[in-house]
Each structure stands twice: as structure tokens, then as C-alpha cells.
Amino acid sequence: MERLTGKPAHPWLKRGYFFSHRDLDEVLDLYEAGKQFYLYTGRGPSSDSLHFGHLIPFIFTKWLQETFNVPLVIQCTDDEKYLWKDVTEEDNRRYLIENVKDIIALGFDVNKTFIFSDIDYIGHMYRNVMKIQKCITANQAIGAFGFTGSHNVGQYSFVAIQAAPSFPNSFPHIFGSATDIKCVIPCAIDQDPYFRVTRDIAPRLGYLKPALIHSKFFPALQGFNTKMSASSDTSAIFLTDTPEQIKHKIMNHAFSGGRVTKEEHRRLGANVEVDIPYHYLRFFLEDDAKLQDIHDKYKSGEMLTSEIKQILISVLVEQVEAHQRARAQVTDEIVEAFMTVRQMH
């Protein structure tokens with residue numbers, strides 16, 4: 001990738017957080033041959049604010065877009081959240097707009113980025129949705145997603161809606177009727193079942209299989225065996241948090257690999273494999289030399305848990321405050337510009 005683009009690889013590639021792929025080598029061959037591809041990622045709006053875990057695919061996708069100079073479509077699955085969650089239509093719409101503002105604030109290029117709501121855009125890609133639905137049996141959906149008789153019919157058929165953006169002719173205003181443009185999907189590993197099904201049925205439709213690049217999960221504050229949730233305030237750092245809230249969460253809820261006493265810690269050092277502050281720094285501290293220095297000092301016992309937590313607090317506060325400043329500039333008119341069905345170049 002560095003050879004083709006002449007640019008350094010993203011730190012998350014070098015640190016192994018984007019760790020597996022399907023057909024990415026084929027996409028790089030296409031790029032080397034001067035052929036176009038496009039990016040597709042998404043967000044299921046379920047709260048008024050994104051947290052840091054939500055940022056991972058978007059930050060990496062933005063880097064891919066800038067590195068390869070390609071168009072991007074971002075699917076907001078407001079229909080999925082309505083089908084799965086106990087949420088009103090009004091709250092669902094509010095979550096959509098608030099989340100889109102958070103996404104735009106990351107700095108995406110409006111000239112190359114189309115953000116869409118499934119509920120608003122479904123008519124444009126319904127022909128593909130219908131074709132995909134016809135290719136997937138109920139037994140396949142049950143096998144892939146574990147559905148039972150208690151799931152509603154909308155949940156059974158949702159896979160077709162998430163699959164449709166994988167094919168360029170779902171966006172005729174961008175790609176016309178083309179079916180020979182490869183799609184690349186950066187996503188968390190838990191989304192792979194949807195796209196395994198998509199890749200299975202693509203040849204039956206005469207379409208190219210989408211390529212994928214998978215990220216590891218961003219861990220919850222409480223540790224690797226707990227789940228980060230938008231509905232659990234202490235499980236994550238949200239983009240609306242104040243510096244005081246960030247400090248409180250890190251100091252009181254971030255699982256530590258440090259030892260019980262200062263004396264034991266100085267003697268044995270920290271277990272960095274399970275330490276959440278260290279792993280958050282591996283995501284958000286770009287300076288490799290500084291990260292290695294923190295790792296060595298913390299693992300040896302020279303650095304204490306309180307010290308690494310203070311470093312993380314400073315890094316996260318700086319990033320959250322920068323995001324909040326950028327988000328304050330995102331007006332309703334800017335949201336409309338990103339979400340308007342339009343030609344892009």
C-alpha cells in the first residue's frame with residue numbers, strides 16, 4: 001500500500017488494529033492499473049452522540065479516502081435501529097441527524113462523500129434490495145444471523161438493505177448503471193456475516209464481490225470482556241463529554257493492568273496486555289516512539305497507573321475538544337449538502 005500511494009501506512013494498520021481483509025489485494029491491483037473503486041461504511045444511529053468506539057471505522061475510512069482519492073458512501077441504518085430497538089420515530093430521526101453531524105465533523109470532503117438515511121434513500125436502491133432479497137432464503141438468514149420465529153420480518157430482510165450499497169448501481173447519481181466498480185468496506189469484524197452473505201450472492205446478480213478490511217473491537221472502559229454501549233454512560237468516552245467527565249471515567253472506570261500496591265507495581269510492572277489506558281493510547285497516540293516509551297516504563301513498573309491514566313486523559317480531552325469545535329461549525333445546511341442526492345466527482 002505504501003509503495004502504491006507513496007504515503008505512510010495508517011498507524012492502525014501498522015499496529016494490527018485493522019487486521020484482516022477479503023480481496024484487498026485485488027483492489028490494490030486495480031488501483032495500480034488505474035481503475036476506480038469506492039468506499040462504503042455505515043452507522044446505526046442509536047444515541048445523541050458517538051463514542052470513541054464508533055469513530056474507528058470513520059477515521060480509518062477518511063484516511064483511505066484521502067490516500068486513494070475515491071468516493072465514499074455512508075449508510076445510516078435508521079431503519080435497522082427502528083426494527084431492533086424500542087425507539088420512537090421522532091427519537092430515531094434525532095439520533096440520525098446528531099450522528100451525521102458527528103461524522104461530518106471528522107472532516108470528510110463533501111465533494112466526494114454521500115451520507116444517506118436508509119428510510120430516505122430506500123427508493124433509489126430498492127431494485128437492488130429486491131434482487132438481493134430474492135437470492136437469500138429464510139434458512140440462510142437464520143444460519144448467518146441466528147434469527148428465530150420471534151424476530152420480525154423486517155429483521156429477516158434487513159441484510160438485503162445493508163448489502164445493497166456494496167453495488168455501485170445502487171447509486172446511479174454517482175456511478176450511473178455501472179456494475180464493474182469495486183466496493184471496499186472498512187468495518188468492525190462483527191459486521192462480516194452480513195458481507196459474507198453479500199459476497200456469496202454477488203455473482204448470481206452479475207455483480208463484483210465487495211472487498212472488506214476488518215478492525216478489532218475497541219474495548220469498553222471496563223475491559224476486553226465487557227461490551228461498549230451507547231446506552232451505558234460509563235462504558236465509553238462520548239464526544240459530548242466534558243474534560244471533567246473524561247477524567248472521572250478514566251480514573252474510576254478504566255480497567256487497569258497495574259498492581260494492587262505501589263511496591264508490587266514497582267517490582268512486577270503492569271500487565272499491559274489487559275490495561276485499557278495503554279490500549280486506548282495504542283489507538284489514539286500517533287507517536288510510535290512515545291508509545292513505546294510509555295509501554296516500556298509502564299511494563300517495567302517505572303510508570304504508575306495514575307501516570308498512564310493522566311497521559312490518556314490529556315490525549316482524549318484534546319481530541320474531544322477539537323471534535324466539539326469542529327462539530328459546532330456543522331450547520332443544518334451542511335448536513336443537507338452531504339445528504340442530498342447529487343452527482344459527485
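Which residue, just after α4, takes a positive phi? N69 does, with a phi of about 55°. The legends below describe a predicted model, in which local features need pLDDT of at least 70 and side-chain atom pairs count only at pLDDT 80 or more, whereas totals for chains, interfaces and linings use all residues. Residues are numbered from 1 along each chain as its sequence is written, and side-chain values use heavy atoms, with hydrogens and water left out.

**View 1. Helix α4 and the residue that follows it.** Helices (H or I, at least four residues) and strands (E, at least two) are DSSP runs, numbered from the N terminus. Helix α4 covers residues 52–68, and its 17 residues should span 24 Å at 1.5 Å a residue, which agrees with the 25 Å between its end C-alpha atoms; the expected span is 1.5 Å times one less than the number of residues. Buried means under 20% relative accessible area, exposed over 50%, and partly exposed in between (1.4 Å probe, protein chains only). Because 15 of the 17 residues of α4 are buried, the helix is largely enclosed by the rest of the structure.

View 2. H10 sits in the loop between α1 (2–5) and α2 (11–14), and it is buried, with a relative accessible area of 10%. Contact means heavy atoms within 4.5 Å; leaving aside neighbours within four places in sequence, H10 is in contact with I59, F60 and W63.

View 3. Rolling a probe the size of a water molecule over the atoms shows where empty space is left. On a 1 Å grid over the protein atoms alone, a cavity is a set of points where a 1.4 Å probe fits but cannot get out, and a pocket is an open set with protein on both sides within 12 Å along at least five of seven lines, while lining residues have an atom within 4 Å of a point. Grid points are joined across faces, edges and corners, and a volume is the space filled by probe spheres set on the points. The largest pocket has a volume of about 1600 Å³ and is lined by 50 residues, of which H54, D190, Q191, F217 and K227 lie nearest its centre. Elements that each supply at least two lining residues include β2 (37–43), α5 (78–84), α8 (138–145) and α14 (276–284), but α4 gives the most, with 5 residues. By class, this lining has 24 nonpolar, 18 polar and 8 charged residues, where Ala, Val, Leu, Ile, Met, Phe, Trp, Tyr, Cys and Pro count as nonpolar, Asp, Glu, Lys and Arg as charged, and the others, Gly among them, as polar.

**View 4. The second largest pocket.** This pocket holds about 550 Å³ of space. Its lining comprises 21 residues, and those closest to its centre are I59, L106, F284, E286 and Q319. Two or more lining residues come from each of α2, α4, α14 and α16 (305–328). The lining divides by class into 14 nonpolar, 3 polar and 4 charged residues.

**View 5. The cavity.** The structure holds 1 cavity of 30 Å³ or more, and about 50 Å³ of space lies in the largest cavity. Its lining is formed by M1, L24, V27, L28, F37, L39, L64, F68 and V184. The elements that give two or more residues to this lining are α3 (24–32), β2 and α4, with the largest share, 3 residues, coming from α3. The lining has 9 nonpolar residues, no polar and no charged ones.

View 6. Strand β6 (residues 211–215) is largely enclosed by the rest of the structure, because 5 of its 5 residues are buried. In a regular strand the side chains alternate between the two faces of the sheet. Both faces of β6 are covered, with A211, I213 and S215 buried on one side and L212 and H214 buried on the other. Two strands pair if DSSP finds at least two bridges between them; β1 (residues 18–22) and β6 run antiparallel and are joined by 4 bridges, whereas β5 and β6 pair in the parallel sense over 5 bridges. P186 stands opposite I213 in β6.

**View 7. S20 in strand β1.** S20 is found in strand β1, and its bridge partner in β6 is H214. S20 is partly exposed, with a relative accessible area of 22%. Although S20 and I189 are 169 residues apart in sequence, they are 8.7 Å apart in space, C-alpha to C-alpha. Leaving aside neighbours within four places in sequence, S20 is in contact with I189, L212, I213 and H214.
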